Amino acid sequence: LILPEKKEIDVKFYSQFPLDISTWVKYNEPYQNMCEEASLLNWYYHLIWKKPNLKEYNQDLLKLKEIEDLIFEWWYKHTSIQDTLKLLIAFQDNQKVFWEIVENPSIQIIKEHITKWNLIIVPLYWKWLSNKLFVDWWPIYHNLLIKWYTEQNFITNEVWVSKWDWFMYKQSELMENIYNYDKKLYPDNFQNWKKEILILYK
């Protein structure tokens, strides 16, 4: 299959830090561990053509945390893509959603889905990423949303970043660091986590 050299999907960006508040509060709980929830909402709003203001978005983030507290027994800090799906099903309001979990994905597979207007949530071991905005003492597990590609790069809604509409990673870098959270192997055996991604269909 011959793919275009680049493909763009216009997805409005929402950070996992939605509030214009002091840095200390902003990076405090629960927001410092809300990358899974923020990535999910970035996709969900795109699906239903919703563009909430930051106050409404913050309310949805906290609603997701309340659901997680209930169904995951007060554990929201790390969520596998399988549990992210459970969260989506509990959160969405009679909206049909279609998805697929792909194990050992290739760059080609990701590009093919983007050309079909599908978005991808990618779980990552983030301590090996080149993003200098990460800090050494933060959790090792991270999620982001891939929304378009160029010849060598993936363009993402990198929810850790507060104000940028997009963040670019080398395709090879993201692919090497795909690891889906497994609480049985956390934190020391992350290299045995499965390499899985979540395809969310438009």
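I'll start with a charge and a ring: K12 lies over the face of Y14, at 5.5 Å from the ring centre. Please keep in mind that this is a predicted model.

Y14 also has ring partners. Together with Y45 and Y57, Y14 belongs to a cluster linked by ring pairs.

Now to the aromatic pairs. How many aromatic pairs does the structure hold? The count is 11. One of them joins F17 and W160, with 5.1 Å from centre to centre and 75 degrees between the planes. That angle is over 60 degrees, so the pair counts as edge-to-face.

Where do F17 and W160 lie along the chain? F17 is in the loop between strand 1 (7-8) and helix 1 (23-26), while W160 is in the loop between strand 5 (153-157) and strand 6 (167-170). The pair therefore ties together parts that are 143 residues apart in sequence.

Are these two residues buried or exposed? F17 has 4% relative accessibility, so F17 counts as buried. W160 is also at 4% relative accessibility and therefore counts as buried.

The last pair I'll show is W43 with Y44. Their ring centres are 6.3 Å apart and their planes are at 50 degrees, which makes this pair tilted. As for accessibility, W43 is buried, and Y44 is buried as well.

That's the end of my part.

How values were computed: Residues numbered from 1 in each chain as written. Predicted model: local features only at pLDDT ≥ 70, side-chain atom pairs only at ≥ 80, totals over all residues. Heavy atoms only, no water. Phe/Tyr/Trp six-rings, centres within 6.5 Å; stacked < 30°, edge-to-face > 60°. Helix = DSSP H or I, 4+ residues; strand = E, 2+ residues; numbered from the N terminus. Buried < 20%, exposed > 50% of the residue type's maximum accessible area, 1.4 Å probe, protein only. Lys NZ or Arg CZ within 6 Å of the ring centre and 35° of its normal.
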